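This briefing is written to be read beside the sequence and the coordinates. The points are grouped by topic, beginning with the place where the two chains meet.

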Amino acid sequence: MFEQFAAGARAAVASAVDEAALRGDRRIGTEHLLLGVLHEPGAVRALGAGLDSARAALDDLDRTALAAVGVDAQGVERAPLPVSRKRAPFTSGARAVLPRALVETRRAGSRRIAPEHLLLALLDCERPDPVAEVMTRLGTDRAAVRAHLRRTES
Amino acid sequence: METRELSERLRSHDPAVGLRAVGALRRLAEQVEAAAVERAREQGWSWEQIGDALGVSRQSVHAKYGK
């Protein structure tokens, strides 16, 4: 699968793995793929939101969820987790994004998967997929982003 | 009850919120553990004492945090 990735998409997936590790998540999910894609300037332009605001949206979702079970973790001392030697697996949602990105690549008449194709596939994720929650929190107009991406690729 | 609080309570029946909370609690526990272990080491605790406090073996704490 990854041999069909252009350099930008490869970098985006590698960044997604880093983002998951940074957060202490054990699996690479669609939300991390979005953060990874947002390391690419073209994706930031298309989405109209940058890496920092996407990270903040994800933290905000966590804060709200913790508040719903009565936990306020603000001001609690936290340290980064020790680096795990095990490679984090992809969630089933994240695995499902890859073939859909390939479909977007073919549709665009490209030979290799670019970050924009990953973003198009992520835009199609529905709740309860975490990336859909992040995009809702970001106020993403999915139809507009999709149209923008399709326009610029042709 | 504030609107925000009310809406959060209503939302807590949403499984997406409950499941996300579990993930966030797990991560929080790990990060608090990492911070506390670091402090304990700074203050001269042995791996054995830290393991006892966490309810795990000395070896498993050392394997996780020992450099």
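## Where the chains meet

The model is predicted, and the predictor gives the complex an ipTM of 0.87 together with a pTM of 0.89.

**Packing of H4(A) against H2(B)**

- On the H4(A) side the contact is made by A:Leu61, A:Asp62, A:Ala65, A:Leu66 and A:Ala68, while H2(B) brings B:Val17, B:Arg20, B:Ala21, B:Ala24 and B:Leu25.
- Sorted by class, the residues of this contact between H4(A) and H2(B) comprise eight nonpolar and two charged residues, with no polar ones.
- B:Val17, which has its place in helix H2 of chain B, counts as buried because 21 C-beta neighbours lie inside 10 Å.
- Further along the chain, B:Leu28 is 11 residues from B:Val17 in sequence and 16 Å from B:Val17 in space, taken from C-alpha to C-alpha.

**The contact between the chains as a whole**

- Taken over the complex, the contact draws 23 residues from chain A and 19 residues from chain B.
- On the side of chain B that touches chain A, the elements giving two or more residues are helix H1 (3-11), H2 and helix H4 (58-65) of chain B.
- Of these, H2(B) gives the most to the side of chain B that touches chain A, with 14 residues.
- The side of chain B that touches chain A is made up, by class, of 10 nonpolar, two polar and seven charged residues.

- In soluble globular proteins, nonpolar side chains tend to be buried together.
- The largest nonpolar core holds 46 residues, of which A:Leu33, A:Leu34, A:Val37, A:Leu118, A:Leu119 and A:Leu122 touch the most other members.
- H4(A) gives the most to this core, with seven residues.
- When neighbours within four places in sequence are left aside, A:Leu118 is in contact with A:Ala9, A:Ala12, A:Leu33, A:Val37, A:Val97, A:Ala101 and A:Ile113.
- Helix H2 of chain A, residues 30-37, is mostly covered, with eight of its eight residues buried.
- The buried residues of H2(A) include A:Thr30, A:Glu31, A:His32 and A:Gly36 as well as A:Leu33, A:Leu34, A:Leu35 and A:Val37.
- The cover over the buried residues of H2(A) includes helix H1 (7-23), helix H3 (41-47), H4, helix H5 (92-107), helix H6 (115-123) and helix H7 (130-138) of chain A.

**A cis peptide bond in chain A**

- A:Arg127 and A:Pro128 are joined by a cis peptide bond, for which omega is about 10 degrees.
- The place of A:Pro128 is in the loop between H6 and H7 of chain A.

**Architecture and confidence of chain B**

- Chain B has four helices and zero strands, and buried residues make up 9% of its 67 residues.
- Within chain B, helix H3, residues 47-54, packs with H4(B) at an angle of about 105 degrees, their axes being 8 Å apart, and H3(B) and H4(B) are therefore roughly perpendicular to each other.
- In that contact, B:Trp47, B:Glu48, B:Ile50, B:Gly51 and B:Leu54 of H3(B) meet B:Arg58, B:Ser60, B:Val61 and B:His62 of H4(B).
- By class, the contact of H3(B) with H4(B) has four nonpolar, three polar and two charged residues.
- The average pLDDT of chain B is 89, and 82% of the residues score at least 70.
- Among the elements of chain B, the highest mean pLDDT belongs to H3(B), at 97, and the lowest to H1(B), at 61.
- Where pLDDT is low, the predicted coordinates should not be read in detail.

Technical notes. Residues are numbered from 1 along each chain as its sequence is written. Chains are lettered from A and ligands numbered from 1 in the order in which they are written. This is a predicted model: local features need pLDDT of at least 70, side-chain atom pairs count only at pLDDT 80 or more; totals for chains, interfaces and linings use all residues. Two residues are in contact if their C-beta atoms, placed from the backbone, lie within 7 Å. Ala, Val, Leu, Ile, Met, Phe, Trp, Tyr, Cys and Pro count as nonpolar, Asp, Glu, Lys and Arg as charged, and the others, Gly among them, as polar. A nonpolar core is a set of buried Ala, Val, Leu, Ile, Met, Phe, Trp, Tyr and Cys residues joined through C-beta atoms within 7 Å. A residue is buried if 20 or more other C-beta atoms lie within 10 Å of its own, exposed if 12 or fewer, and partly exposed in between; C-beta atoms are placed from the backbone. Axes are lines fitted to C-alpha atoms, for helices over the stretch in contact, and angles run from 0 to 180 degrees between N-to-C directions. Angles under 35 degrees count as roughly parallel, over 145 as roughly antiparallel, 65 to 115 as roughly perpendicular and the rest as oblique. pLDDT is the predictor's confidence in each residue, from 0 to 100.
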